[in-house]
Amino acid sequence: MSSLKSAKDVVAFIEREKVEIVDFRFVDFPGTWQHFSTTVAEVTEEIFTEGLGFDGSSIRGWQAINESDMLVKPVPETAFLDPFTQHKTLVISCNIADPITGEDYSRDPRNIARKAEAYLKSKGVADTVYFGPEAEFFIFDDIRYGQNQHSGYYYIDSVEGNWNTGRDEEPNLGYKIRNKEGYFPVPPADSLQDIRSEMILHMEAAGLRVEKQHHEVATAGQAEIDIRFAPLIETADAMLKYKYIVKMTAKKYGKTATFMPKPIFGDNGTGMHTHTSLWKGGKNLFAGDRYAGLSEVGLYAAGGLLKHAPALCAFTNPTMNSYKRLVPGFEAPVNLAYSSRNRSAAIRIPMYSESEKSKRLEFRCPDPSCNPYIAFAAMTMAMVDGVANKINPGDPLDKDIYDLPPEEAARVPQAPGSLREALQSLKKDHEFLLKGDVFTPDVIETWIEYKMKNEVQAIELRPHPWEFALYFDI
């Protein structure tokens, strides 16, 4: 679909390929794709500039009911054929605009990302910021959950789950993956090879460049598919396609996929280690002769990420469940330091290649529950702040954090321990996000208010099943 660069290209493609339905998609505030469809008769070149109307008051975190009218403006280069629909359907991502002023909507995550790219260029720091996310997910066979005033539960099942070694499966073939032994086993232990292969073939057909797919560490169907790095908006667009294709392919096989960071107790959670670098004039600004082959710019960018990491976590780890993964002492990247090899550090400098083009930072805190437009935009703003203010990242953390004397370990800053802490950090530290009007005060306030009301307080008010095991007989 990369050949579609204009409204004229899209209209011609629809006619040439005999497309029947056009599906317009945009991302809501938390990061979930929304859509509506039309027949091809409604698709003209004009709608790409004039837009199509919809009710913004029904979208999470958006307009009030008395100012609900919004416009979607399709972006031609995002178009791809949906491989899952019965009728031939062309999917197009959209920007959101105000129908009265015609201006881009400040709470539209894609608009925030566009402004971050523009701000980067305007500062002269770099002309391109690249992101390469390594998203993980689980593929389950069954998921049930519920909560009301007097009960609450969840139930997960997977044919691979190590808890199913004794289940009567008529027959049970015994290939169950033990906890923390899911990294790279071949079939039949890895029962999901064909599903993941179909996922990456659909991704490539949709215009994504896939680097590799494999089973991940945890039992019960944990998987990873890595896509090739690309500029900010292109990568964020890709992640929405990625999630859609993963979920729909799993559904085709009678399974379900989740990007929830920590669905299973006692085994690895799901992260999205995110590789990033700044470039200017075709040159990687992170390559140099300092620590681990980084440049001074690369170190300052790391300093910006580390300084603002507690606030960034409100966007990169935006769910209550995110902090079931970011727990100290369990190999999670909670230590706000950088290192060339230490995977418990929040930033790792990969050493796979000595090539200048491959030099990058790997920010290991994020998880795939994030809204990629907002998370990548916030990371960009932190790196620009680091470079502009020459923020020193401190000394690298090359020792095993778990072998450090207590007094030395206590000096290593930690990521927030909960979403509440992350939101409090964002409330205190967000001036760097407001520069260039990339994030507006309204966006910051709305994000904090939405998350506190709908997630933090909602979960804090409800009893947890394990609390009964701990406290019922007090």
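Analyst: Let us begin with the surface of this predicted model. Ile143, Tyr145, Tyr154 and Phe265 make a nonpolar surface patch of about 560 Å².

User: Where does Tyr145 lie, and is Tyr145 buried or exposed?

Analyst: Tyr145 belongs to strand β8, which covers residues 142-147. Its relative accessible area is 64%; Tyr145 is therefore exposed, since the cut-off for that term is over 50%.

User: How should I read charged side chains?

Analyst: Side chains of opposite charge can pair when their charged atoms come close. In the whole structure, a search finds 24 salt bridges.

User: Which residue meets Glu17 in a salt bridge?

Analyst: The partner of Glu17 is Arg16, at 3.9 Å from N to O. Glu17 is partly exposed, at 28% relative accessible area, while Arg16 is exposed, at 52%.

User: What parts does the pair of Arg228 and Glu211 tie together?

Analyst: These two side chains form a salt bridge of 3.5 Å, N to O. Arg228 lies in the loop between β11 (222-227) and β12 (230-231), and Glu211 lies in strand β10 (residues 210-215), so the pair ties together parts that are 17 residues apart in sequence.

User: Which helices hold Arg420 and Glu460?

Analyst: The side chains of Arg420 and Glu460 meet in a salt bridge at 2.7 Å, N to O. Arg420 is in helix α10 (residues 419-428) and Glu460 is in helix α12 (residues 441-460), so this pair links distant parts of the chain, 40 residues apart.

User: Which residues are linked in a network of salt bridges?

Analyst: Such a network links Asp157, Arg167, Glu169 and Lys176.

How values were computed: Residues are numbered from 1 along each chain as its sequence is written. This is a predicted model: local features need pLDDT of at least 70, side-chain atom pairs count only at pLDDT 80 or more; totals for chains, interfaces and linings use all residues. Side-chain values use heavy atoms; hydrogens and water are left out. Patches are made of residues with over 30% relative accessible area and no salt bridge: like charges are joined within 9 Å, nonpolar side chains (Val, Leu, Ile, Met, Phe, Trp, Tyr) within 5 Å. Accessible areas come from the Shrake-Rupley method with a 1.4 Å probe; for residues, only the protein chains shown count as cover. A salt bridge is a side-chain nitrogen of Lys or Arg within 4 Å of a carboxyl oxygen of Asp or Glu. Helices (H or I, at least four residues) and strands (E, at least two) are DSSP runs, numbered from the N terminus. Buried means under 20% relative accessible area, exposed over 50%, partly exposed in between (1.4 Å probe, protein chains only).
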